[in-house]
Amino acid sequence: LELTRASLLALNTAELNAEEATQSLIGVMAQWGLQADQLVNIIDKINIVADEYAVTSQDLVDGLLRASGAARAAGMTFEQTLALLTAMRESSGRTGREVGNALNSIIAYVQRAKALNVLSEAGIPVFANPEGTQLRNVFDILADISEKWTEMEQRGLAQALMEEAEAAGLFTQEIAEAAGALEEWTDLQRRDILQAGAGVYRRNYLLALLNNFAQVYD
């Protein structure tokens, strides 16, 4: 009954369709380990962000469905995840689904050993303890990258970070979706399409986020 009430609220106020207001919201709730009586508060947050910024509630739900699991595992809060998705959606112009996949990739990439080495060289603390066994909250690491980005560019570390991101295959899934119906082509054709798109799209998501991080705090 509580979920039904929340779903009807989402239909009426958040401009979500029936599927988004039921299955998708329940999927988001499950990823964050929330109870039914907390769903109205989640809808409230999604709704007010959609009202304030050039992003729809459906964009946010689509993005949350794809990024929430990784975000929670990386120590981020629901609010931080929502903020990152909003800033990336507005600045990149991509769909909520693509931005959610991109954030998922960014979270995974920032925790890779090679990326951590580049960040440490840039003076960004990546570990939460002196022993170097526990990573900091990924949100805080991204905030520090944004703050030091100009300095990293001057030292050549920004280029090193982006090259490592490309080598790691960052955003491959988003390129595939942008190319459309890849299942109709052979493996070699898919590979060629992905590689051709990589130089154009791979950097855009991360750069869009870093260049608009002030909006995340808003």
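The largest pocket of this predicted model is lined by Val49, Tyr53, Glu79, Leu82, Ala83, Thr86, Gln215, Val216, Tyr217 and Asp218, and its volume is about 160 Å³. A pocket here is an open set of points on a 1 Å grid over the protein atoms alone, with protein on both sides within 12 Å along at least five of seven lines, and lining residues have an atom within 4 Å of a point. Helix H5 gives four residues, the largest share of this lining, and H5 and helix H12 (213-217) each supply at least two. By class, the pocket lining has six nonpolar, two polar and two charged residues.

Residues are numbered from 1 along each chain as its sequence is written. Local features need pLDDT of at least 70, side-chain atom pairs count only at pLDDT 80 or more, totals for chains, interfaces and linings use all residues, and side-chain values use heavy atoms, with hydrogens and water left out.

In the loop between helix H5 (78-92) and H6 lies Arg94, which counts as buried because its relative accessibility is 18%, buried meaning under 20% relative accessible area with a 1.4 Å probe and protein chains only. The side chain of Arg94 is joined to that of Glu98 by a polar contact of 3.2 Å, a term for a pair of N or O atoms within 3.5 Å, of which one must be able to donate a hydrogen and the other to accept it. The C-alpha atoms of Arg94 and Tyr205 are 8.9 Å apart, although 111 residues separate them along the chain.

Notes:
Buried means under 20% relative accessible area, exposed over 50%, partly exposed in between (1.4 Å probe, protein chains only). On a 1 Å grid over the protein atoms alone, a cavity is a set of points where a 1.4 Å probe fits but cannot get out, and a pocket is an open set with protein on both sides within 12 Å along at least five of seven lines; lining residues have an atom within 4 Å of a point. Grid points are joined across faces, edges and corners, and a volume is the space filled by probe spheres set on the points. Ala, Val, Leu, Ile, Met, Phe, Trp, Tyr, Cys and Pro count as nonpolar, Asp, Glu, Lys and Arg as charged, and the others, Gly among them, as polar.
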